[in-house]
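Please open the structure in your viewer and keep the selection tool at hand.

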Amino acid sequence: THPDAALAELPQEDLAKTKYSFQQLVDYLEKGAGKNGNVANGKLMFAKANCLKCHRFGNEGKTIGPDLTSVRRRFQKREIIESIIHPSRIISDQFRMVSVITDDGLIHNGMPVPGLSNAETLVLLLSDATQVSVPKAEIDEQAPSKVSVMPVGALKELTLKEIADLFAFLETSRFAPVSQSAGGGQQ
């Protein structure tokens with residue numbers, strides 16, 4: 001309806017932050033040597049990439065982000081790769097961060113932590129997995145953020161072989177029952 005309007009552009013990949021492009025990982029994991037990773041080492045890579053700090057898989061990890069126990073039953077491999085490479089592209093309301101500006105001008109971006117926040121204090125989980133408590137009486141502004149609490153570059157410290165192992169481990173989730181606490185969106 002707007003023939004003269006500029007075409008929409010997706011955010012460009014910043015390989016300095018992610019190390020790998022979306023297409024590079026898709027090609028490696030679906031067509032290349034990465035099709036056959038080691039599940040046992042993948043479980044170690046799940047910890048090395050700090051996934052356990054926010055995500056639950058089986059009986060391990062935290063429940064701050066989506067439960068990944070049955071992630072491969074709910075999402076295709078490409079969707080999981082996209083969620084890791086571009087964590088802010090699709091953010092479930094359940095896991096949306098807020099930007100808080102205090103009366104003295106401090107800015108905090110984090111995800112409200114249910115159960116820890118109360119009538120007087122807002123507790124935010126920051127993208128480095130630390131928490132900050134902000135007295136609600138000191139909040140000047142609060143607005144939803146367009147940035148995910150999941151950090152960009154979660155795979156940066158892993159080799160392609162280690163990423164293949166990680167995805168072999170995630171692939172085991174295809175056989176897990178879908179959990180009601182799995183979270184509705186990607187992250």
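Begin by selecting Lys43 and Glu60, whose side chains meet in a salt bridge with 3.0 Å from N to O. The term denotes a side-chain nitrogen of Lys or Arg within 4 Å of a carboxyl oxygen of Asp or Glu. This pair links distant parts of the chain, 17 residues apart: Lys43 lies in helix α3 (residues 39–48) and Glu60 in strand β2 (residues 60–61). Helices (H or I, at least four residues) and strands (E, at least two) are DSSP runs, numbered from the N terminus. Lys43 counts as partly exposed because its relative accessibility is 40%, and Glu60 is partly exposed at 36%. On this scale, buried means under 20% relative accessible area, exposed means over 50%, and partly exposed lies in between (1.4 Å probe, protein chains only).

The model is predicted: local features need pLDDT of at least 70 and side-chain atom pairs count only at pLDDT 80 or more, whereas totals for chains, interfaces and linings use all residues. Residues are numbered from 1 along each chain as its sequence is written, and side-chain values use heavy atoms, with hydrogens and water left out.

**More charged pairs**

Side chains of opposite charge can pair when their charged atoms come close. How many salt bridges are there by this rule? The count comes to nine. Select Arg89 and Glu82 for one of them, where the closest N and O atoms are 2.9 Å apart. Arg89 is partly exposed at 31%, and Glu82 is partly exposed at 21%.

Next, select Arg72, Glu171 and Arg174, which are linked in a network of salt bridges.

**Aromatic rings**

Now select Phe46, Phe57 and Phe169, which form one aromatic cluster. The structure holds three aromatic pairs. Rings of Phe, Tyr and Trp (its six-membered ring) pair if their centres lie within 6.5 Å.

**A buried threonine**

Move to Thr18 in helix α1 (residues 15–18). Is Thr18 buried or exposed? Thr18 counts as buried because its relative accessibility is 5%. Leaving aside neighbours within four places in sequence, Thr18 is in contact (heavy atoms within 4.5 Å) with Ile85, Val152, Gly153 and Lys156.

**Two packed helices**

Select helix α2 (residues 22–30), in which Phe22, Leu25, Val26, Tyr28 and Leu29 are buried. The buried residues of α2 pack against α5 (77–85) and α6 (160–171). Two packed helices are described by the angle between their axes and the distance between the axes. The axes of α2 and α5 come within 10 Å and cross at roughly 145°. Such axes are lines fitted to C-alpha atoms, for helices over the stretch in contact, and angles run from 0 to 180 degrees between N-to-C directions. To display this contact, select Phe22, Leu25, Val26, Leu29 and Glu30 of α2 with Lys77, Arg78, Ile81, Glu82 and Ile85 of α5.

**The whole chain**

Finally, show the entire chain, which has six helices and seven strands. Their order along the sequence is α-α-α-β-β-α-α-β-β-β-β-β-α. Buried residues make up 40% of the 187 residues. Among contacts between residues at least 6 apart in sequence, 65% join residues at least 24 apart.

Notes: Phe/Tyr/Trp six-rings, centres within 6.5 Å; stacked < 30°, edge-to-face > 60°.
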